[in-house]
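Trainee: Could you take me through some features of this structure, giving the general idea before each case?
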Amino acid sequence: MLDGANLATVIVAIVGLLGMWGSHKIAARASIKNSRTTAEVEAYVRAVDMDKDTIKGLKERLVEVLAENKELREERRVWRIERAQKDAKIEALVRQNLLQRDQLREKNSGQENL
Amino acid sequence: MILRAFWGLRPWKRHSRILVVSGVMFTLYGIRLAAESPSRTRYLALEPVLRVAPLQFWGGVFIFAGVLALISSRWPPFAESWGYMVLTGLSLAWAAAYGTSLIFVSAPRSNVTGVIMWGMIGYLFLSVSGLRNPDLPGVVERARRG
């Protein structure tokens, strides 16, 4: 016979079971979200680590490039000095050449007058 | 192969702490119930469950649930929130016991307090079981900071 008290007992049992079922469903959903979050965080951390490695490598390369740049500037400075010296030498030679030509022309015109 | 899945402990995480504290609470409440000799009012207040078994038995159930919650804080490795199922089920059933005896057995009005309190405790476990439980809570912050 299902009197009030017995019905109450049945309700208590049903509520207890429903509570367990609800808790299980919510926890299962949270577990999936948790796994997804963990995977995303792991991927993010991996990406950050990779970026850090790339930045470190680029910084090292930058130091090398700056050192190379300094050497090349020094070479260019030396070459400029050498070129200036050579230009001066060429100018002196040209001037000497012109002088010799004038002298030759004068010599030739002197011989013609004779 | 199946036994291997049950072997080992989970790392200590957020839910472990909650389950341990709740387990201790339930165990202590169970001891209190087991040591209690129910008065007439008390019997009326919990008649739906006391018809099934004496209060000492229900004390034992609470102690058992508390111990299960303690165990569930670290074991088994593949399931991390089954302790909440036990705690939610028992809390809501206890709230229902107070509520139904109020409706069907003309229990004292003070049962309302029991319904609200145990209902809220049950709801609390229901909500907490849905919270995320990351391996290392600091990792997210550390990753965001770079």
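This is a predicted model: local features need pLDDT of at least 70, side-chain atom pairs count only at pLDDT 80 or more; totals for chains, interfaces and linings use all residues.

Trainee: At what angle do helix H2 and helix H5 of chain B pack?

Mentor: Helices are DSSP runs of H or I with at least four residues, numbered from the N terminus, and axes are lines fitted to C-alpha atoms over the stretch in contact, with angles from 0 to 180 degrees between N-to-C directions. Here H2 (residues 14-35) and H5 (residues 55-72) of chain B pack at about 165°, with their axes 7 Å apart. H2(B) is therefore roughly antiparallel to H5(B), a term for angles over 145 degrees.

Trainee: Which residues make the contact between H2(B) and H5(B)?

Mentor: Contact means heavy atoms within 4.5 Å, and the residues include B:Gly23, B:Phe26 and B:Gly30 of H2(B) and B:Gly59, B:Phe62 and B:Gly66 of H5(B).

Trainee: How do H5(B) and H6(B) cross?

Mentor: The axes of H5(B) and H6(B) come within 8 Å and cross at roughly 155°, which makes H5(B) roughly antiparallel to H6(B). Among the residues in contact are B:Phe62 of H5(B) and B:Trp94 of H6(B).

Trainee: How many residues does the largest nonpolar core have?

Mentor: A nonpolar core is a set of buried Ala, Val, Leu, Ile, Met, Phe, Trp, Tyr and Cys residues joined through side-chain atoms within 4.5 Å, where buried means under 20% relative accessible area with a 1.4 Å probe, protein chains only. The largest one has 29 residues, and B:Phe26, B:Phe62, B:Trp94 and B:Trp118 are among those with the most contacts inside it. H6(B) supplies the largest share, 10 residues. Not counting residues up to four places away in sequence, B:Trp118 touches residues including B:Phe26, B:Phe62 and B:Trp94.

Trainee: Which peptide bond is cis, and where does B:Ser106 lie?

Mentor: Most peptide bonds are trans, and most residues other than glycine have a negative phi. The bond from B:Trp75 to B:Pro76 is cis, with omega near -5°, and B:Pro76 is found in the loop between H5 and H6 of chain B. B:Ser106 lies in the loop between H6 and H7 of chain B, and has a positive phi of about 50° although it is not a glycine.

Methods. Residues are numbered from 1 along each chain as its sequence is written. Chains are lettered from A and ligands numbered from 1 in the order in which they are written. Side-chain values use heavy atoms; hydrogens and water are left out. Helices (H or I, at least four residues) and strands (E, at least two) are DSSP runs, numbered from the N terminus. Angles under 35 degrees count as roughly parallel, over 145 as roughly antiparallel, 65 to 115 as roughly perpendicular and the rest as oblique. Buried means under 20% relative accessible area, exposed over 50%, partly exposed in between (1.4 Å probe, protein chains only).
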